[in-house]
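This briefing covers a predicted model.

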Amino acid sequence: MPAERTLPNTEAEDLIALAREIAREELAPVAGEFEQAHRFPREQFRLLGKSGLLGLPYPERWGGGDVPYEVYLQALEEIASAWMSVGVGMSVHTMSCFALAYYGTEQQRDRWLPDMLSGQLLGAYALSEPHAGSDAAALTTRAEPDGEHYVVNGTKAWITHGGEADYYTTMVRTDPDGSKGISCLLVDAGTDGLSAAPPEQKMGMTASTTAQLVFSDARVERERLIGDEGSGLRIALDSLASGRLGIAACSVGLAQAALDEAVAYATQRTQFGTPIIDFQGIEFLLADMAAAVESSRATYLEAARRKDRGLPFGRQASIAKLVATDSAMKVTTDAVQVLGGAGYTRDFPVERYMREAKVPQIFEGTNQIQRMVIARELRRG
Amino acid sequence: MTNIVVLVKQVPDTYSERKLTETDHTLDRESADAVLDEINERAVEEALKIKEAGEGEVTVLCVGPDRATDAIRKALSMGADKAVHVSDEALHGSDLVATSRVIAAAIGKLDSVDLVIAGNEASDGRGGAVPAVVAELLGLPQLTHAHHLAVEGSTVKVDRETADEGITHLEANLPALVSVTEKINEPRYPSFKGIMAAKKKPVETYTVADLGIDAGEVGLTNAWSAVQSASPKPPRQAGERVEDDGEGGTKIAEYLVGQKLV
């Protein structure tokens, strides 16, 4: 059953209809096959770009859709409900545009943003390093000025689209001074001295590439510095606050897909002469799953509406990410339970959903970090 | 400059369960999601390709209730330039003859139409005769069941494909009417830019009276045929099983010959 949504206008309704149509006809039919083959869906991203879905929450002036987060996130949720790897990719791409869109100069935006927002160029976001995960400010990838260039050395880790992206919004150290010495570079994937390590072997989201990026005397033009030197950590955290809403929306989409699959199965599967959905043990499970999906959706939408109105939304974004990803883990696990032995096989997609639900509890700030963000605000009062 | 009119229809989504109403056995429009018929997306696509290859204007024409504006917007968001929507309570339950007369009258309201493109049949009623009837009423050559279409100067050429007659190559002078099959093309998706642009495109709305048609000539009570009852398709029978004891190939061939499939 498609999610019932209240949308602000007919453009938003038509946008959601478009996202649903692409999800249903182009993504869902091939998702399982691509995941099994560990095949990156570049063509599918091209279609999303052509359809205007890769720059939705950015200004029309540079080719964006100029839609509020409230609407963008629901389109994203529809995509993720058909294919989590593509949903997360759309969210990551959108986040990778954030630094340039909000901190770039007019000239920088004119030069690069249109190709990014149209999806001609696929983006990635490079903050983490092998020894700087939750403690992002500990990053050590060094960028030394050299004439018109920075010479960059170091290793970035856990990069979604690593080796597949056309550019990397990369946080580097331009000064040894802790959190104040970090800067943001928009690095072209074709930069000499930049290479991607072999992709990580993951538990799920196997069609989405995750890899380390190795900078070895990579020369990046100084005009690719986004914002001032030293403002990188602020840009990174700012990007993440919005990115977390994307992950929350993707997780709700994934949980919705698992719920739909479980309801369909429970309706047709008969035991003791009765469809199993009529047993209280199953119907209560399904009802709890629906409650988790819909309350998670309401939570991310509330955070999005605050953002759209220019209100502080950091705490709400962290709550949405925490609630939605934990819900998705529970809902997908319960979906496997509803399908019983069938759910544990690859004949049905729910075991894949369950594997895919794990990583959103970890990336874009682990759920322990989200709790720290929430608690910090509580402490401040 | 080719002025193209594309006939479009809003139908229940084939992904959802489709049924007739209990009371008058007309389509239960509330029970299913309504979408632009897929065959019409192909008709719009074909019109847009002609327009993009040269010069032209694409008008979509829809006869349907108020909510059919959603289907019209879809066609406009794909790239059609403007729309005509005939909406009138009196039209409820109209048969394909009355519907065709309304369509023909609405086309008559437009200036210099060169080409009318329709789907060969809608996925709900499946009468499949509207394009031919409209062509007759307008006195246009009809080139139906096209799986290929080309406009060259003032002529239109199509490859016509029907189930048992092979492929016929047809040619006519413009203005003409063409109906297309689902093999004609793969329709494009709208883009969000197209969705935004669609809002600003003109949609002209007519009642049957605006078209000079009396309400007493259309609608269910004036239809030449009416559905008396409807029952769901019987469940599919199990297929015939051929055991391969060395003669499997022969048995399958014999079966196919028996069914006149080879």
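In this predicted model, the contact between the two chains draws on 17 residues of chain A and 12 residues of chain B. About 1,400 Å² is buried between chain B and chain A, with carbon and sulfur atoms giving 57% of that area. Within chain A, domain 1 and domain 2 bury about 2,000 Å² between them, and 63% of this lies on carbon and sulfur atoms.

**Contact between chain A and chain B**

- Between chain B and chain A there are 4 salt bridges.
- A salt bridge links A:R24 and B:D13, with 3.1 Å between the closest N and O atoms.
- Polar contacts between chain B and chain A come to 7 residue pairs, with both residues at pLDDT 80 or more.
- On the chain B side, the elements that give two or more residues to the contact with chain A are α2 (69–78) and α5 (192–198) of chain B.
- The element that gives the most to this side is α5(B), with 3 residues.
- By class, the side of chain B that touches chain A has 6 nonpolar, 1 polar and 5 charged residues.

**Domains of chain A**

- Chain A is assigned domain 1 (10–118), domain 2 (123–233) and domain 3 (238–380).
- A distance of 22 Å separates the C-alpha centres of domain 1 and domain 2 of chain A.
- Their contact takes 26 residues from domain 1 of chain A and 22 residues from domain 2 of chain A.

**Interface of domain 1 and domain 2 in chain A**

- The area buried between domain 1 and domain 2 of chain A is about 2,000 Å².
- Of the area that domain 1 of chain A buries against domain 2 of chain A, 27% is supplied by A:F40, A:S96 and A:W112, more than by any other three residues.
- The interface of domain 1 and domain 2 of chain A has 2 salt bridges.
- A:R111 and A:E223 form a salt bridge in which the closest N and O atoms are 2.8 Å apart.
- Across the interface of domain 1 and domain 2 of chain A there are 9 residue pairs in polar contact, both residues being at pLDDT 80 or more.
- On the domain 1 side, at least two residues each come from α1 (10–37), α2 (42–50), α4 (84–96), α5 (98–103) and α6 (106–117) of chain A.
- The element that gives the most to the domain 1 side is α4(A), with 8 residues.
- The side of domain 1 of chain A that touches domain 2 of chain A divides into 15 nonpolar, 7 polar and 4 charged residues.

**Annotated spans from UniProt**

- An unreviewed UniProt entry places "domain: Acyl-CoA oxidase/dehydrogenase middle" at residues 124–217 of chain A.
- Residues 124–217 of chain A are 0% helix and 48% strand, and the end C-alpha atoms of the span lie 20 Å apart.
- For residues 230–378 of chain A, UniProt (unreviewed entry) gives the annotation "domain: Acyl-CoA dehydrogenase/oxidase C-terminal".
- Residues 230–378 of chain A are 76% helix and 3% strand, with 28 Å between the end C-alpha atoms.
- Residues 24–215 of chain B are 29% helix and 30% strand, and the end C-alpha atoms are 19 Å apart.

- Most residues other than glycine have a negative phi, and most peptide bonds are trans.
- A:M205 is not a glycine, yet has a positive phi of about 50°.
- A:M205 lies in the loop between β6 (194–196) and β7 (210–221) of chain A.
- The peptide bond that joins B:L174 and B:P175 is cis, with omega about 0°.
- B:P175 belongs to the loop between β9 (166–173) and β10 (176–180) of chain B.
- B:T99 is part of helix α3 (residues 96–108) of chain B.
- A polar atom of the side chain of B:T99 is 2.8 Å from the backbone oxygen of B:D95.
- B:T99 and B:M196 are 97 residues apart along the chain, and their C-alpha atoms are separated by 31 Å.

Notes:
Residues are numbered from 1 along each chain as its sequence is written. Chains are lettered from A and ligands numbered from 1 in the order in which they are written. This is a predicted model: local features need pLDDT of at least 70, side-chain atom pairs count only at pLDDT 80 or more; totals for chains, interfaces and linings use all residues. Side-chain values use heavy atoms; hydrogens and water are left out. Contact means heavy atoms within 4.5 Å. Buried area is the accessible area (1.4 Å probe) that two parts lose on being put together, summed over both. A salt bridge is a side-chain nitrogen of Lys or Arg within 4 Å of a carboxyl oxygen of Asp or Glu. A polar contact is a pair of N or O atoms within 3.5 Å; within protein, one must be able to donate a hydrogen and the other to accept it, and residues adjacent in sequence count only if both atoms are side-chain atoms. Helices (H or I, at least four residues) and strands (E, at least two) are DSSP runs, numbered from the N terminus. Ala, Val, Leu, Ile, Met, Phe, Trp, Tyr, Cys and Pro count as nonpolar, Asp, Glu, Lys and Arg as charged, and the others, Gly among them, as polar. Domain bounds come from an automatic or database domain assignment. UniProt positions are given in the numbering used here, feature names are shortened, and annotations may be inferred rather than shown by experiment.
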